[in-house]
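Dear colleague,

Please find the structure below, followed by a short account of what was found in it.

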Amino acid sequence: MPVESRPYEKFRLHGAQSLTDAELLAIILRSGTHGTSSIELAQHLLALSKGHEGLLGLHHLSLAQLTEVKGIGDVKAVQIKCIGELSRRIAKGASSPFLDFKSPDTIADYYMEDLRHQEQEVLLCMMLDTKNHFLGDVQVSKGTVNASLISPREIFLSALQFHAVHIILVHNHPSGNPRPSNEDILITKRILEAGELLGIYLLDHIIIGDRRHISLCQEGMIQRA
């Protein structure tokens with residue numbers, strides 16, 4: 001390989017933005033294996049995850065799957081998984097200063113990298129005080145979001161522990177399509193009605209897809225009595 005085409009030298013000459021996904025990953029891997037260059041190894045890894053090719057696929061590969069690849073030991077597998085976690089934290093940190101609880105877009109941006117890679121539905125509850133200051137969030141469930149399995153009691157017990165006055169629900173659709181299901185609408189209605197009785201008010205329910213989201217408040221599905 002010509003010197004100027006090697007990932008390290010290409011980085012020094014033209015910067016990280018000039019590198020392909022495989023070249024970036026090859027720099028992290030540092031070396032290949034016998035008969036396979038680091039770039040070829042990186043290309044193999046990027047094509048390994050079925051249905052999620054490229055860098056996105058790295059999020060969906062387990063440590064066990066990574067270490068099955070010749071040339072990827074425990075250390076390299078951990079490094080690869082840490083890349084995904086670093087990218088998630090960078091994205092969340094970048095969106096944090098712009099978080100506005102009256103703006104579903106900023107809430108979706110804040111949770112996008114946390115939720116869009118999840119392979120199961122995860123339901124989070126954000127807790128706010130009377131002035132809409134953020135008190136924290138709680139994962140209410142992981143798995144199928146089903147109105148018959150999720151009790152408003154679980155949500156409001158957590159809200160009471162935080163002394164929350166307002167709550168916002170956020171959950172993901174692994175399909176990537178954020179359009180609310182009948183179950184989503186039913187859950188929202190049950191929690192809205194229960195909150196009215198307790199004085200803990202549901203402000204919004206935001207559904208995260210793949211780089212897309214829908215606010216049930218903006219869709220007119222949340223209307224306080």
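The second largest pocket has 15 lining residues, and those nearest its centre are His-52, His-60, Arg-116, Pro-174 and Asp-210. A pocket is, on a 1 Å grid over the protein atoms alone, an open set of points where a 1.4 Å probe fits, with protein on both sides within 12 Å along at least five of seven lines; lining residues have an atom within 4 Å of a point. This is a predicted model, in which local features need pLDDT of at least 70 and side-chain atom pairs count only at pLDDT 80 or more, while totals for chains, interfaces and linings use all residues. Residues are numbered from 1 along each chain as its sequence is written, and side-chain values use heavy atoms, leaving out hydrogens and water.

The space in the second largest pocket is about 180 Å³. Its lining comprises 3 nonpolar, 9 polar and 3 charged residues (nonpolar: Ala, Val, Leu, Ile, Met, Phe, Trp, Tyr, Cys and Pro; charged: Asp, Glu, Lys and Arg; polar: the others, Gly among them).

The largest pocket holds about 440 Å³ of space (a volume is the space filled by probe spheres set on the points, which are joined across faces, edges and corners). It is lined by 18 residues, the closest to its centre being His-59, Ile-83, Gly-84, Glu-85 and Ser-87. Helix 6 contributes the most to this lining, with 7 residues (helices are DSSP runs of H or I, at least four residues, numbered from the N terminus). By class, the lining of the largest pocket has 8 nonpolar, 5 polar and 5 charged residues.

Notes:
Helices (H or I, at least four residues) and strands (E, at least two) are DSSP runs, numbered from the N terminus.
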